[in-house]
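Below is a short briefing on one chain and its ligands. It begins with a single residue and then widens to the strands, the sheet and the ligand shells.

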Amino acid sequence: MRHKLGRLAWLPLVAIGTMGLAKLVNITIDDAGEDPSTHASIEYTPAIAWHYGPTCGVCEAVLNSQQTYNGTWHDVTYHPTKATSNLPQNATFSFTGSAIYIFGVVAYSGNNPGGHGGAELFFFIDGGQLGSFSSAVNKTAPKYTYNTLLWSEDTLPHGEHRLTIRNGQDGRGTASLLLLDYIIYST
Ligand SMILES: *[C@@H]1O[C@H](CO)[C@@H](O)[C@H](O)[C@H]1NC(C)=O
Ligand SMILES: *[C@@H]1O[C@H](CO)[C@@H](O)[C@H](O)[C@H]1NC(C)=O
Ligand SMILES: *[C@@H]1O[C@H](CO)[C@@H](O)[C@H](O)[C@H]1NC(C)=O
Ligand SMILES: *[C@@H]1O[C@H](CO)[C@@H](O)[C@H](O)[C@H]1NC(C)=O
């Protein structure tokens with residue numbers, strides 16, 4: 001009898017223990033890599049605006065690839081009044097999970113991009129804007145700040161989500177340089 005009661009008393013603890021095992025796991029997606037489980041990669045639109053950093057000849061930002069994740073990054077410049085660079089520039093990634101973290105390199109130097117400096121980024125989940133990031137020229141700051149968390153959201157309902165990172169405003173706002181390094185999601 002005592003034995004039976006003892007086992008019953010443990011049941012709620014066993015249930016809690018089982019829930020505890022369903023721990024979140026982080027998955028890292030390189031800007032130039034793919035999701036090891038789904039093989040999804042980041043889509044860059046319009047493709048012509050985006051540059052693969054390590055081999056980019058026209059990019060003003062010249063990074064130390066050893067300080068970037070997997071040695072790569074993507075570079076895109078938005079300029080509100082330049083006909084070729086005032087289009088909405090998106091990086092889009094689909095994942096199944098409940099948290100997302102976006103990492104990039106921030107350029108504070110006044111010569112990125114095109115003498116304007118700064119960044120103005122907008123983050124969308126499933127088409128709705130949930131966040132933003134901005135930085136201004138700061139000539140006393142290090143030229144490049146690596147491994148910077150640009151935005152995160154860790155209270156998404158667990159499920160399929162579509163992340164869109166938009167560089168700059170749509171034909172308005174300030175010039176913006178995005179140096180995208182990697183994305184982490186939790187599932
Ligand atoms: C996932 O990575 C983010 C960013 O580094 C971190 O804040 C978070 O605690 C990590 N979550 C898990 C479950 O490891
Ligand atoms: C590292 O980058 C290369 C492209 O330079 C890519 O092919 C590879 O999948 C990336 N590795 C990881 C782990 O993301
Ligand atoms: C970029 O993303 C925004 C926000 O989701 C969307 O409104 C816009 O249509 C997208 N543009 C392109 C070219 O994909
Ligand atoms: C500029 O950068 C320096 C060095 O990182 C920092 O101390 C200062 O607060 C920054 N200024 C602004 C306006 O952010």
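**One residue in a strand**

Ile165 lies in strand β10 (residues 159-167); helices (H or I, at least four residues) and strands (E, at least two) are DSSP runs, numbered from the N terminus. The model is predicted: local features need pLDDT of at least 70, side-chain atom pairs count only at pLDDT 80 or more, and totals for chains, interfaces and linings use all residues. Residues are numbered from 1 along each chain as its sequence is written, while chains are lettered from A and ligands numbered from 1 in the order in which they are written.

**Surroundings of Ile165**

- Ile165 counts as buried because it has 25 C-beta neighbours inside 10 Å.
- A residue is buried if 20 or more other C-beta atoms lie within 10 Å of its own, exposed if 12 or fewer, and partly exposed in between, with C-beta atoms placed from the backbone.
- Leaving aside neighbours within four places in sequence, Ile165 is in contact with Asn90, Ala91, Ile102, Leu121, Phe123 and Leu180; contact here means that the C-beta atoms, placed from the backbone, lie within 7 Å.
- Gln89 is 76 residues from Ile165 in sequence, yet the two are 8.1 Å apart in space, C-alpha to C-alpha.

**The chain as a whole**

- The chain has one helix and 11 strands, and along the sequence they follow the pattern α-β-β-β-β-β-β-β-β-β-β-β.
- Of the 187 residues of the chain, 29% count as buried.
- Among contacts between residues at least 6 apart in sequence, 75% join residues at least 24 apart.

**The open sheet that includes β10**

- Five strands form an open sheet in the order β2-β5-β10-β7-β8, and the pairing is antiparallel.
- The edge strands, β2 (43-45) and β8 (128-135), each pair on one side only.
- From one strand to the next the twist averages 20°; axes are lines fitted to C-alpha atoms, for helices over the stretch in contact, and angles run from 0 to 180 degrees between N-to-C directions.
- β2 and strand β5 (residues 89-97) run antiparallel and are joined by three bridges; two strands pair if DSSP finds at least two bridges between them.
- Glu43 has Thr92 in β5 as its bridge partner.

**Strand β11 and its partners**

- Strand β11 (residues 176-186) is mostly covered, with nine of its 11 residues buried.
- Strand β1 (residues 26-30) pairs with β11 in the antiparallel sense over five bridges, and Ile29 has Ile183 in β11 as its bridge partner.
- Strand β4 (residues 74-78) also runs antiparallel to β11, joined by five bridges; here Thr77 stands opposite Leu177.
- Strand β6 (residues 99-107) is joined to β11 by seven bridges, again antiparallel, and Val105 has Leu179 as its bridge partner.

**Ligand shells**

- The residues around ligand 1 are Leu24, Asn26, Tyr101, Ile184 and Ser186; a residue is near a molecule or strand if its C-beta atom, placed from the backbone, lies within 6 Å of it.
- The shell around ligand 1 has three nonpolar, two polar and no charged residues.
- Ala, Val, Leu, Ile, Met, Phe, Trp, Tyr, Cys and Pro count as nonpolar, Asp, Glu, Lys and Arg as charged, and the others, Gly among them, as polar.
- Asp30, Ala32, Gly33, Glu34, Asn70 and Thr72 surround ligand 2.
- The shell around ligand 2 comprises one nonpolar, three polar and two charged residues.

Technical notes. Two residues are in contact if their C-beta atoms, placed from the backbone, lie within 7 Å.
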